[in-house]
Each structure stands twice: as C-alpha cells, then as structure tokens.
Amino acid sequence: MTVVAEPASVRPRGSYTWPAIWAVALALVLGLFLARHQLLWAAEYPSRAIVPISQWIGAIMTWLKVNLSWFTRSITAVLGVPLDFALDLLAKNFKIGTGADAFILPRLSWVGVCAAAFLAGRAYGGTRLALLSGGLFLFIALFGKWTSAMLTLSLIAIAVPFCIVTGLFLGILAWQQPKSEKYAVSPLLDLMQTIPTFAYLIPMLLLFGNSPVSAMIATAIFATPPMVRATMLGLARVPAEISEFGEMAGCTPRQKLWRVLLPSARPTLMVGVNQVIMLALNMVIIASMIGAGGLGYDVLLALRALKVGEAMEAGLAIVALAIVLDRVSQAAAYRQSQYHGEIVAGQAFWVRYPNLTLAILLLAGTTLLGTVIPFFADVPKAITFTTAPAWRIAIDWITVNFFDAIEAFRVFLILYVLNPVRAFFEGFPWLGAVFLIGLAGFQLGGARLAALVAALTAFCAITGLWEKTMATVYLTGISVLLACLIGIPLGLAASRSDRFEKIITPFIDTLQVLPSFCFIIPVVMLFRVGDVTAMIATVAFAVVPAIRYTNHGIRQVPPNLIEAAVVSGCTRRQTFWRVQLPLALPEIMLGINQTILMALAMIIICAMIGTRDLGQEVFIALSKADPGRGIVAGLAIAFIGIIADRLFNAWSARARSRLG
Amino acid sequence: MTIASQDGPSGKVGDPRPVKLACRNVWKLYGHGAYEFIQRRNGKASHAEIVEAGLIGAARAVDLEIRQGEIFIIMGLSGSGKSTLVRCMSRLVEPTYGRIEFEGKDLLSISDSELIELRRHRMGMVFQNFALLPHLNVLENIAFPLSVQGVDRATRIARAREVIDLVGLRGREHFYPRELSGGQQQRVGIARSLSTKPEIWFLDEPFSALDPLIRREMQDELMRLQSVLHKTIIFITHDFDEAIRLADRIAIMKDGEVIQVGTPEELVLTPATDYVAEFTRDVQRAKVISARSIMRPLGRSQHAGTVSADARVASFSAEIVGSKKPFAVVNEEDETIGEVTPDAVIRLLAGVDQSGAPA
C-alpha cells in the first residue's frame, strides 16, 4: 500500500514547495525594500565595513611594477621587434639610421596589398570573395584611411599567430589533463572572457608601458580563449575510432597528436581561428586608447570632438576590414583540399602555390615601383574622397526635421522607463539581492552553486560598488529585455519561414562581425550621449544571439516529433506551443544567456559616452591609472556575467535533462 | 567458464597450426575499484558478485586460442563485450586481469616502445566506420602507417600502390575519403591496414556500416584476399550469417562471457546453450553441415559419386538428389569412410532433424 501511495504523494509536494518558498522569500525582500530607511545596513552596504580590496590590488600592482618592471619591459622590447617590423612593413616605412641622412626603405605599396587581398580571396573562395576583399581594401584606401587601417592590421597580424599558438598549446594541455582543465583552465577562460576589455588595459599599461605592445598583449589575452576552447572541443570530438587507428598504426603519443588528432580536428580548430581574428580586431580597436593607434584611435578622436562624420568614416573602414577578415578566414576554414593531381617531389614553388607567388611578385613589384612613382607609394590625395560632409549634412537634416520627435522619444524613455527602473534597482537592498540570487542558485544547482553566486553577489557589495553594480544591472537588464523582445520574435519568424531566414541571415552575420565600437557611432549621432544611446547601441549589439539561437532551437526539433504532433491532431498553433517551443526552450535560454553576456560587455564600453555605472568606474581608473580600482570594478562586472551565466546554464541543463 | 575453454569435439586439439594469439582468463571490468575486486578474487567472480560490487563486466574470464592463418570470428549482439575483447587483444583497452599471449609472449608486460613496434609491423586493424584521416587522400591514407614508421617516401608510395592494386582501388589514389562511397572507403581502410604486412589482422565489424549488397561483395573480397595472404584474422560481427560465411571458428559472446567456441557446424549441431541454439535456428543447415556429419557406415549399395568428408551438404545436394543414389564419403587420404544417402540430404534440406523432430 505504502509503495503505491508514495509516488502519488511525492509529486505534488515537489511541485508546490518551490513556489511557496519563492512567495515567502519575495515577501521578505519586499518587506526589506519597504523598510530600507529603517534597516539602512541591509539596504546600503555600510561604508565602514567596505573591504579595501582595490587598495590591496593597487599595492600588489605597485610592487609588481617596481620589482618586475625590468622583466615586463624586456618582454615589451622582445615583442616589440616583430611588431615594429609589421608596423614598418605595412604602415610606417623602415627607417635605417637616424636623423636627416636616414635611409628609408618603403612600406608595402597599397596597390600591392589590395592585389594581395584580391588574390587571397580568390585562393580561398573564388571570384566573388576576391572582388569583395580586394574591393573593400580599395575602399579603405580611397577613403584616406589606409595608414590607420594598416596599423590596425599589423597589430592583428602579430597578435593572431601568438593567440593561435598559445591557445593551441593550452587547449592540448587541458585536453591531456582533464584535472587541469576543470580546476584551472576553464575558470581562467571564463574570467578572461567576462572581465571587460577595459579592465585589462590598466595593468597592461602599468606593466608594459603606453605602447602598441601593451595593446597587443591585452589583445592576446582577450582573443586567446576561443582558440583554447576550440582545441579542447575539436580534440574531444575526434571519433574514438580515429584515435584508435592512430594507436594501431603504431604512432608514438606525439605522432598521434600532431598527425592524427589535430588534423582530424581541423574544421573545429579553424572555427576557433576565425573567432580569434574577430576578437583580436575588436580588441585592437578598443586598445587604441592605450597607444595602439589605428582606426580605433581615429574613431575615438572624432567622437571626442563630436565629429560624427569622421567617426562614421573610420567606423566604416573598421567594418570593411572586419568583413574581409571574417569572410576570408571563414572561407579558409571551410575550404578542403581539392588537389587531385600528383604531388611530385621537387615541384616548383610557383606551380604549387600560384596565388601566393603572384601575390609576392605583385607586392614586391609595386613596392619597388613606389620608390620611383609616388602613385604606388602613397594613396594619392587626388583619388581619395571623403563622405564626412555628406554624413554631416544628413545628420543635420535629420536633426533639423526630426529633432522634436527624437528628443520627445528620448525624454519619454528617460522619464518614464529608465529613471524609475534605475531608482528601483539602485534602491534595492544588497542583502535581499544576495538572498534571492542564492536561493535561485540553490533551486537550480544545489548548495555549491548557491554559495558561489551568493558570494559573487556579496563581493559587489563589500567592495563598496553596490550602487554602481545595480546601475549596470539595470541598464543591462533593460537592454537584454528589449533585445529579447525584438530578437526572439524575429528568430521565431525566421524558423517558420525559409525566405525570411534567408533575408535576415546576412544582416545578423554582419551585425556579428562588427566591433562593438561601431555600434555607438550612428546612435550617438541621433541621440547624443547618455543612457538612451547606450541602451540602443547595446540592443543592436546583443540582439544577434537571441535571433540565432531561437531560430536554431526551433529548427532542430526533430521532424518526427512534429509529424507525431500533426498526426495526433494538433493545429499549427498547438504544435508550436506544445511541442516546438518546450523542446526549443533550453536552446533559447542559452541564446538569452549569450545576449546577457554581450550586453554586459557593450554596456561597459558605453561608459565612453557617459553612463554612470561600473564601466564609468573602470574608465575613471583607466584615466587615473589606478589599477586596484579598475580591476575590482572589472571583477564586479565579470561576476555579474558569471552569475547570470551559471544560473542560466544550470537552468538550461536541468531543462535538457528533463527532456532527455 | 569451463564451457568457454573447451575445444570443439571435431579434433581441433590436433590442429597442427601454432597458437598465434591467446587470451588466458582475461577480464575487463568497469567501475570503481574494479582492479582490486578481481585481484582479491584471483580472477574468479560470478556474475552476481560483479553486479553486487556495482561493476560492469565487459569481458569476463575469457579463454581463447587463435591459431595462425585461421579466420576467427567473435560474434555477439551489441553490448556483449566483443569490441572490448578485441581491444584487449590489441591493448587498445588495458585488461583488468589475465594474460594476452602473442606467440607465447605476454602482451601486457611489454613496454610501450615494444608495443608500438608490434603494432607498426605485426598488427593491422580495420574499423567499423573506416576511421580514415579526412585531410589525406587515398594514397596518403594508405601510406600513413609506413610514414609513421619513418619509411622513405618512394618506398611507401610504391607499397601503397601495391595494396591499392590488391583491393582494386586503382585510379582513385588522389581522391579524398569524403569523395568515396562507403564500400570504397572500407577498401581504403583494408588497404591501409595491409600496407605494413601485418601478421594479425583485426577487423572490427568492418562491413556493418555497409548496405547488404556491398557487404556481400566485400565478404567475397575478404575471402579472396585471405586466399592470397593467409593472415591470422580476428573478425568481429553481430551478424551470424556473416560469421558462418567467413569463419573457420566462431566464439559466441554474451554479457562479456564467451559461451561457446567452435566451427559453424559444431555450433549448429551441438549448441552449448539455448542462447546459441537461438542464433543457429534460422541458419541454412546445408550450408554449414558437412558430409561427415550426416554420413552412415558403408552399406552395400552402389555409389553414384564421391564427396570429401568436409564438403558442405549444399555443395552436392542437387547432384545427389538428382542421382537418387548414395555418394561415398572420402577422407583426406582418399579412403572411403562412409556414405551419404539422398534421403539424409533431403531430410536436412527440409529441416527435419536426424532424430525425426523438426529443428
């Protein structure tokens, strides 16, 4: 009897307990919120009890600077050699000797580089890609952004191989020793990717000086994680039989790794390489603040002077560079060997690599010509043109004609949406937040997750950054909400219509390759600086994963389940609500998770245009070169990201395991 | 366990060929504390004890002797432990207990470098899903094991071309695996495993991923190759028909245990358990059973022809039924040792047991 009765009584208890607990918890926190003026210590973290972590970190950094600068500066010197070479080669000309009688070896001719871009496109993707990449390089040249673009490109060219090699070895290490993966590599990667890029810059500046090398090292740190992950994933995905074949062929462990496993993992590795390149571009743009120069610096200068036209032009050059790098590296990733002919030993170089040979010849030829004919050395002023005035006129026109409407929209948003929400968040008692987040962690992942997320939340409070943390959460939250409200319906629409998917795909592809910087420019033009601008730019930046994951999630529901639903008499609407959506929900949640992380990264960058949150804290620290303050604020930002990430992942994992 | 080690009744004890590879009480247990568990019991444990200890017995107390030049088939359904066992034999999986002997030498005690040498020169393996390297073309894939050994380019290309001819892939040298059909890919897999001239050839369900027509063609191909190469073959399959077609001897596995070893004929005539009988029930007996098994002592009747004692009934059934007279049965020395009647053949073809009950 008891055996029969047991399952029946267990189920309802399990499904009613949690809502009840949540009701009680929310009531408690609401009480705390209402009584926040009486219980001040619970609402606002007492300033007496602030743990001066930022000062400790500052002290450590100072010590490091004093005692290790000989070391870090020599790293700067060593890394400076290839970097300077690349900079000279692409952008600056080689100077041999000093003063007036220095002998100048010219940089590569812009004509040659454009031709090389064309040939690279042809080698990997055929005529269309060749026209795209060659054309976009030409576009950069004609816009008069050549030198800046080549500065940016040379930083990428040196940083990317460094990231790839480091990432590959770290990934191999993590794969060979699962323990090191679990306890060292994975947490490190999480931190590297969630700490905002700005926060990296401060210690770099301190240790490596204000030079392109600092920018390169910051870039390397930021852009390496995807390579590590891709290596680990690629190696883990090699079919067991291929690995066994390696052993049976009598490979030594090293032969097995380098000749069997890694080549078999090539497609995944190449996806990693593509991501490294795109992240490196993104970071190089941001790193222009610490002396990298290049296109990012142009944007920054123009934005500071509120020259929107110039900022737009530099931004477009970044977009052009991003598209070329993305498309060419993707084409290289998907290209498979097509060569069916005999590979004869001793075959001439130019027969095996016709495109490469031609590119080298063209580069050398045009550069030599450049010493005689100025046309080849520098982009002649006569053929460059600028669209800046056109942009300015367009903006002026919009401002003149739509100023009232835009302004009304902006003021409405600020007064009735942003400010109330902001007030609510900033007044939210820290103790209540720690409690609720801990509770969510406990429900979704047990005691360990609860302890982790509660501790991370508490960190934001005890370092005295509570108000700024909540300001960040509020802006991120609103942006994520909007991004989901826009992105999920678009994703659903794309999943239900192939035609709509085809239309929308190029747009989201392009949105995804654009460096975060570029989103700010057009929005600033219309809405000037402030929270509204930050929000709109963030929504535009973070909407992509919401669309993409929703579309993919619905589409990957097995067709036989849908057939089963149709056969059992479901209408289209019922099929969607009762079969497709529940099955796609875990994937959609992962998309929202990605949206949150991207929104967080973007909100921080928006500190440049006058938001008042953790990003501003990092920004101030950057200008004051106060590493402790910057790192603590950076950690607080990272922790917001990690909390959201862990909770969403736990939720998604639970939902997945329930679906089997 | 005692059943597992028994040799068939039909004189295999007297098999003159040397033992190439042997398993002596080999165990592979998965789970926490598996090694201590089996050590403590000195290599003896019942199924119940293993389950109680929370372990999974992928291979249990396996005793096998594989002789030089024979096609030895390990047959079992999925999860029966056949793949684990063959991986124990090649040490892709480290057995928990027991000995694997390669020409009498314990394979488990040799060093890593010796093992690499052994695999480079004396073992070859073919995989169910081909396991071809996607970034190499056919020629490079086949030459890969030689390249790993450090054989110079000209020699390994020449050798690769030899085996390409052997498996009939000429003209496809520069194709990539993704451009080939399943059957062609497995030909590459076979050629690759033969490029090092191995003595022991492991085939792990090599034809299971192919469709039935191609599978049959590849089985014929394998028989043709074996008639030229005379390798010691250990062949895994879950398909009893395939096993019967190819095998000299078959080991049947269930739940990690070898429950019977014998020639196809022995399995059909004297199944050790109901489980084996279940497998053999739908087999076309005439293709398995030899003249020796259905002959009777010589009578005085006239003989319309002679058959060898080992000839399968299917190979002469049409003639004997047509002639309506018994055939004489001769042994290897050409001595007449008995006779087969058309009646006996018809009974066999009709599925009537010698005892009279339907099989």
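**Exercise 1. Work out what fraction of the residues of chain A count as buried, and how the chain is built overall.**

Solution. Of the 660 residues of chain A, 46% count as buried, where a residue is buried if 20 or more other C-beta atoms lie within 10 Å of its own, exposed if 12 or fewer, and partly exposed in between, with C-beta atoms placed from the backbone. The structure is a predicted model, in which local features need pLDDT of at least 70, side-chain atom pairs count only at pLDDT 80 or more, and totals for chains, interfaces and linings use all residues. Residues are numbered from 1 along each chain as its sequence is written, and chains are lettered from A and ligands numbered from 1 in the order in which they are written.

The next step is the secondary structure, which for chain A comes to 28 helices and two strands; helices (H or I, at least four residues) and strands (E, at least two) are DSSP runs, numbered from the N terminus. The C-alpha trace of chain A spans about 95 × 60 × 60 Å along its principal axes.

Finally, among contacts in chain A between residues at least 6 apart in sequence, 79% join residues at least 24 apart, a contact being a pair of residues whose C-beta atoms, placed from the backbone, lie within 7 Å.

**Exercise 2. Describe the side of chain A that touches chain B.**

Solution. Begin with the count: 20 residues of chain A are in contact with 21 residues of chain B. On the chain A side, helix 11 (240–248) and helix 12 (253–264) each supply at least two residues, and helix 11 gives the most, with six residues. By class, this side of chain A divides into nine nonpolar, seven polar and four charged residues, where Ala, Val, Leu, Ile, Met, Phe, Trp, Tyr, Cys and Pro count as nonpolar, Asp, Glu, Lys and Arg as charged, and the others, Gly among them, as polar. As for confidence, the model scores ipTM 0.84 and pTM 0.80.

**Exercise 3. Find which residues touch the most other members of the largest nonpolar core.**

Solution. A nonpolar core is a set of buried Ala, Val, Leu, Ile, Met, Phe, Trp, Tyr and Cys residues joined through C-beta atoms within 7 Å. The largest such core has 197 residues, of which A:Ala280 and A:Leu321 touch the most other members. Its largest share, 16 residues, comes from helix 6 (residues 146–176) of chain A. Not counting residues up to four places away in sequence, A:Leu321 touches A:Ile140, A:Ala149, A:Thr152, A:Leu153 and A:Leu281. A second, separate core of 99 residues includes B:Leu29, B:Ala45, B:Ile190 and B:Ala243.

**Exercise 4. Locate the domains of chain B and describe their contact.**

Solution. The domain assignment of chain B gives domain 1 (2–122 + 198–283) and domain 2 (286–349), with bounds that come from an automatic or database domain assignment. The C-alpha centres of these two domains of chain B lie 33 Å apart, and the contact takes six residues from domain 1 and five residues from domain 2. On the domain 1 side, the largest share, four residues, comes from helix 11 (residues 264–269) of chain B. By class, that side has five nonpolar, no polar and one charged residues.

Technical notes: Two residues are in contact if their C-beta atoms, placed from the backbone, lie within 7 Å.
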